[in-house]
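Welcome! Here is a short tour for anyone meeting this structure for the opening time. Have a look at the sequence and the fold, then read on.

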Amino acid sequence: MNCTYPVALNLRGKFCTVVGGGEVALRKVKSLLAQGAEVTVISPQLHQELSAMQSQFVWMKSPYKEGQLTGSFLVIAATNDRAVNHEVALWCDENQILVNVVDSLQDSSFIVNSAVRRGDLLLTVSTSGISPALSRQIRLQLEEQFGPEYGQLLEILAKTRQEAMTAITDNAKRREFLQSLAELPLLEVLQQEGTEEAQKRVKSCLSSYSG
């Protein structure tokens, strides 16, 4: 089974459950918390580092039991027991809940892509679960190719777009400005001259349309 539909989920405030308390579960919990999810962990024991993080998630101190996943938006089955992971996957499938099973692509309804984040820029790499090592190799290449200036560029563009909504009332003129903005060599300016110079170029362009 290939997971081929690319999607980026907003997990802020969503109830997400990790079944398992070991090292793999630790990584999954950290990634979910980083995205603002409300996390529950189901496991009789916790990895030492997970135990130290207990204040950040709800711990159901027990082996997995049917019904514990009710209300979950997303589930990750991360135990070291193939039978338990499969049981979790079956329940999620029957109840239309997204599930990632760490030891079975076939049981999963989604996979977690390798990702590069630069502010609001998100680049993901997937080999459909065939080779995580290759995904990691490509991710490292992307990290070198796309530096922090891409995140800075998006910050400038987002702020300028909002300013243009107020400063340029004519829709056609605003579209023309946004096209002109896209044609400015802002990335090169950020890389060579810094954020302040890039912001000056943008303000100059905006003033020529709003004046």
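**How to read the model**

Helices (H or I, at least four residues) and strands (E, at least two) are DSSP runs, numbered from the N terminus. This is a predicted model, in which local features need pLDDT of at least 70, side-chain atom pairs count only at pLDDT 80 or more, and totals for chains, interfaces and linings use all residues. Residues are numbered from 1 along each chain as its sequence is written, and side-chain values use heavy atoms, with hydrogens and water left out.

**A loop residue**

Let's start with Gln 96, in the loop that links helix 3 (82-94) to strand 5 (98-101). Gln 96 is not a glycine, yet its phi is positive, at about 55°. With a relative accessible area of 72%, Gln 96 is exposed (buried means under 20%, exposed over 50%, partly exposed in between, with a 1.4 Å probe and protein chains only).

**The cores**

Now for the inside. A nonpolar core is a set of buried Ala, Val, Leu, Ile, Met, Phe, Trp, Tyr and Cys residues joined through side-chain atoms within 4.5 Å. The largest one has 19 residues, and Val 18, Leu 32 and Leu 74 are among those with the most contacts inside it. Strand 1, helix 1 (23-34), strand 2 (38-42) and strand 4 (74-77) each give two or more residues to this core. Helix 1 supplies the largest share, 5 residues. A second, separate core has 15 residues, including Ile 156 and Tyr 209.

Leaving aside neighbours within four places in sequence, Leu 74 has contacts (heavy atoms within 4.5 Å) with residues including Leu 9, Phe 15, Leu 32 and Phe 110.
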